[in-house]
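Hi,

Here is the model for you to look over. My notes follow below it.

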Amino acid sequence: MNAQVGKGLTVRGIDKRFGLFRALADVTLQVHEGEFFTLLGPSGCGKTTLLRIIAGLELPDAGQVVLGGQDITSLPANKRQVNTVFQSYALFPHLNIFENVAFGLRSRKFTQEEIQSRVNRRLEMLGLEEMDRRYPHQLSGGQKQRVALARALVNEPDVLLLDEPMSALDARLRAQVQEELRRLQRKLGQTFILVTHDQAEALVVSDRIAVMNQGRIIQFGTPKDVYERPENQFVAEFLGAANLLHGRGVDKGIETAIGFFHLGQTPPWDQGTVAIRPERIRIASQSPARNGVRARVRETIYRGPNLDLWLEPGPLRVRTPSQRDYESGEEIWLELPPEGLVILDE
Amino acid sequence: MNRLLVWYGELTTPRQLVHRGLYFLGAGMLWLMIFLVLPGLVLIVVSFATRGAYGQLEWSFTVENYKRLIGFTLFGWTSDYILIVWRSVWVAFVTTAISVFLSYPLSFFICARPERSRYLWLTLVIIPFWTNMVIRTYAWFLILAPELPFAKLASFFKLIPPDTPLYPNAFAVYLGMVSMFLPFVTLPLYASVERLDWTLVEAAQDLYASRVRVFTQAILPQTLPGLSVGVILTFVPAMGMFVVPDLLGGAKYMLVGNLIQQQFGASRDWPFGAAISMGLMILTMISLQLYRRRSKEIEFV
């Protein structure tokens, strides 16, 4: 196999049906060793099913799961060097924090001294050393989440799976935990696979993202890739807001209902769509040299650091720093720079 | 006392609440007084009385009945009664253990059925309740009769002499007892299994647990509440059971329940019967207390 893959994980041609519903359709992906990989998609897109197949909690109808060159498709969960942080954390309520974290080591019959030192090291790493005699119901959501993380990491798995681990935390804490998780993964250099429906979270933590919809992977790429260069309408709209312009493809440009726009290259289709992020549209004081649109402000939405403007024609959405106010009905010039316009497939 | 308070959304006063509580509780309290507390007190008094020559009660108080229970008779010490009590505890224990052992797979099986047929299966478990206990026990006579395959099989393996029924013996007693008490364990256990959080099972699997470890760490703690109820509902009445051991065990298999029945019936020795009843009650309370303490140790949320 590919030497560079090392302890990496390969998923090949996975198919999974639940009755008539096709949860996964021919999914293939490769996760490199030491990578923070994210499966991003709306609920019901099959991302959790894929994670459970990797964990051994679900069997695929077809396809293979290969870990470090070894086919583990039919290996039971308790024999896989893979651990999971569950969405509900699934801490054992009758065991204290120390015993929860020690669970995997005890299952594998480690010696008492070994268990003591490994568990204590993890608890310390995650700032839980004071909590070791407490029970799960005595902890806050954030603490439980860290215990779940410690319980999985103490086994030093080849791959750590995280199933929406932050969905139960409040927004402030979530932002903080995302950064901590990113740092932790960098420090440990372990392979993490995260499942989430939160695009902001995916952008913050990941090395690479696979965007999923209806059981298929639609686009692979770095956070910057998938955000800046979405390949199709679904990715463009799922990862943040996007303005979509439909029109006729011409030489190095597109002819739309609101005018002609220059593109860096000639679109591969006759009829199609281009996308532009609201923050990539510039507001100009006078008619720009090219790709200009004269628009009227219909609505303004204050978002703290930013101001969102909904404009006619379009409707176009523009995100601008909120220093300057805009009146409803005010007429402004917009510039849609060619480097901000992304040609979408189909 | 005109203070107002909001009681689960209802505006009321403390005095009104107290009145209402007494009103609702009164009937139940009266019932318990007349049919439980008073007879209990009578039982205590009778257990210290003496049996007259013709089986009548004589009100000369003595502890003779209790001395007899722990084995002191006119003819010196005998282990007979202690043995009977011990055997009862043992039978109750084995009955409970077998019922628990059978109920776990049964509960999981029923929970795994689709919702529609699940209630059918539950009904099948409950149906024996609808049949009279004595009739049910007599039914075993038919099933264990010498002409039927069970007895034939047993005699083929030389477990019993040919052309004899599979009763009376200990096996028949356990058979009758378990079939009687199985629903008492299965139903509460089923209620626990139905609410089982399977992610804990998955978490245990994910953390390399063996089958045994999955059961003891992920399933047992979650089903403990239902199991406790089932164990108490089985163990306590099983200790005093007399119909089943009497019919299926014959005279050979005397349990404390039969003993008590005998004293109040054939022997007409009410004081001694009362003393045995008191002994059984004390034993039950001790077991419950031990059980409660044990379950407190493994208490969890």
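How many residues of chain B are in contact with chain A, and with how many residues there? 15 residues of chain B are in contact with 17 residues of chain A. Contact here puts the two C-beta atoms, placed from the backbone, within 7 Å.

Two conventions before the rest. Residues are numbered from 1 along each chain as its sequence is written, and chains are lettered from A and ligands numbered from 1 in the order in which they are written. This is a predicted model, in which local features need pLDDT of at least 70, side-chain atom pairs count only at pLDDT 80 or more, and totals for chains, interfaces and linings use all residues.

**Chain B against chain A**

Back to the side of chain B that touches chain A. Helix H8 (198-206) and helix H9 (211-240) of chain B are the elements giving it two or more residues. H8(B) provides the largest share, six residues. By class, that side has eight nonpolar, four polar and three charged residues. Nonpolar covers Ala, Val, Leu, Ile, Met, Phe, Trp, Tyr, Cys and Pro; charged covers Asp, Glu, Lys and Arg; the others, Gly among them, count as polar.

**Domains of chain B**

Chain B is assigned domain 1 (5-47) and domain 2 (72-297). The bounds come from an automatic or database domain assignment. Over C-alpha atoms, the centres of the two domains are 33 Å apart. Four residues of domain 1 of chain B are in contact with six of domain 2 of chain B. The domain 1 side of that contact has three nonpolar residues, one polar and no charged.

**Chain A**

Chain A has eight helices and 20 strands. These are DSSP runs, numbered from the N terminus: helices are H or I with at least four residues, strands E with at least two. The C-alpha atoms fill a box of roughly 75 × 45 × 40 Å along the principal axes. Of the 346 residues in chain A, 39% are buried (20 or more other C-beta atoms within 10 Å of the residue's own, placed from the backbone). Among contacts with a separation of 6 or more in chain A, 64% join residues 24 or more positions apart.

One sheet to look at: five strands of chain A form an open, antiparallel sheet in the order S13-S12-S11-S14-S20. Strands pair if DSSP finds at least two bridges between them. Strand S13 (259-262) and strand S20 (342-343) of chain A are the edges, each pairing on one side only. Within the sheet, S11 (residues 243-250) and S12 (residues 253-256) of chain A pair antiparallel over four bridges. A:Arg248 stands opposite A:Glu255 in S12(A).

Best wishes

Methods. Buried ≥ 20, exposed ≤ 12 C-beta atoms within 10 Å, placed from the backbone.
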